[in-house]
Amino acid sequence: MTTPAITPARVLRSEWHKLRTVRSTWITVLTSAALLLGVGILMGATYTSGGGDSDVDTVVLTLYGSQLGGIALAVLGILVTAGEYATGMIRATLTAVPSRVPVLWAKAAVYTVTVFTTSLLTALLTFLTAQVFLSDTDQAASLTDDGVLTAIAGNAAGVTLLGLIALGLGAALRSVPGAIGAFVGGVLIVPEILGTLPYEVMDTVVRYFPTQAAGVLGSATPLPGAASPGAAFPALVLWAAAALAVPALLLKRRDV
């Protein structure tokens, strides 16, 4: 009997099957959605015109929960790669696909489509729900307002790219706790520390770090002291590409 050829479509189908049949996928996706929607409703229900948040961009205000939800999706990215090393299933996967690297690209592809789609739909629902409470305030807005839809899509793109960085860290470190620690420390905390240094160049550099760049994409109005969306998006894409390039090289150079 002839063994079926290994094709990109079959590798993608295999990774999609693994992603959707693992319980942790649905737990993390639903947790992320609940955090985003819950915080959005809370912000809308408790907001009063002229308060301390009156100068905050409307999309940023309603999607505050994406900061917490994004962490849940980053953990999912780590589980997609490092989780398979933890269970030992990676041996069977790489035996079936001996060229190895297509497995990483397939994991990144199915993760990207899944997370971007769910993040975008949840962000739209959250914005519209929060606006029910904000309709009579100075934060009232609609999807047809300038920059609103772009910012909502940008929010989803930012969360997805941050998750891809986490996925790459999981693939490179092959450890769930190690990758979570590296993501929290390197992606979330280090830029905050660097931003406190008394050097003007640091202020410029930190603008293009992943979390700062992602924040720019989710705002309908320019953020003071931040990079422009046209510069932030390529910077974030490059961070994600670098995070995936490292494990791609390691897959070729070291054993499972």
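**Pocket briefing**

Helix H1 (8-21), helix H2 (23-46), H4 and helix H6 (101-134) each contribute at least two residues to the lining of the second largest pocket. The model is a predicted one.

**Second largest pocket**

- The space in the second largest pocket amounts to about 270 Å³.
- Its lining consists of 15 residues, and those nearest the centre are Lys18, Val22, Leu79, Val80 and Glu84.
- H4 is the main contributor to the lining of the second largest pocket, giving 6 residues.
- Sorted by class, the lining of the second largest pocket comprises 7 nonpolar, 4 polar and 4 charged residues.

**Largest pocket**

- A total of 23 residues line the largest pocket, and Ser66, Gln67, Thr211, Ala214 and Gly215 are the closest to its centre.
- Two or more lining residues of the largest pocket come from each of helix H4 (66-87), helix H7 (148-173), helix H8 (176-195) and helix H10 (210-217).
- H10 provides the largest share of the lining of the largest pocket, namely 5 residues.
- In the lining of the largest pocket, 13 residues are nonpolar, 9 are polar and 1 is charged.

**Helix H4 in both linings**

- H4 gives two or more residues to the lining of the largest pocket, and H4 also gives 6 residues to the lining of the second largest pocket.

Conventions
Residues are numbered from 1 along each chain as its sequence is written. This is a predicted model: local features need pLDDT of at least 70, side-chain atom pairs count only at pLDDT 80 or more; totals for chains, interfaces and linings use all residues. Side-chain values use heavy atoms; hydrogens and water are left out. On a 1 Å grid over the protein atoms alone, a cavity is a set of points where a 1.4 Å probe fits but cannot get out, and a pocket is an open set with protein on both sides within 12 Å along at least five of seven lines; lining residues have an atom within 4 Å of a point. Helices (H or I, at least four residues) and strands (E, at least two) are DSSP runs, numbered from the N terminus. Ala, Val, Leu, Ile, Met, Phe, Trp, Tyr, Cys and Pro count as nonpolar, Asp, Glu, Lys and Arg as charged, and the others, Gly among them, as polar. Grid points are joined across faces, edges and corners, and a volume is the space filled by probe spheres set on the points.
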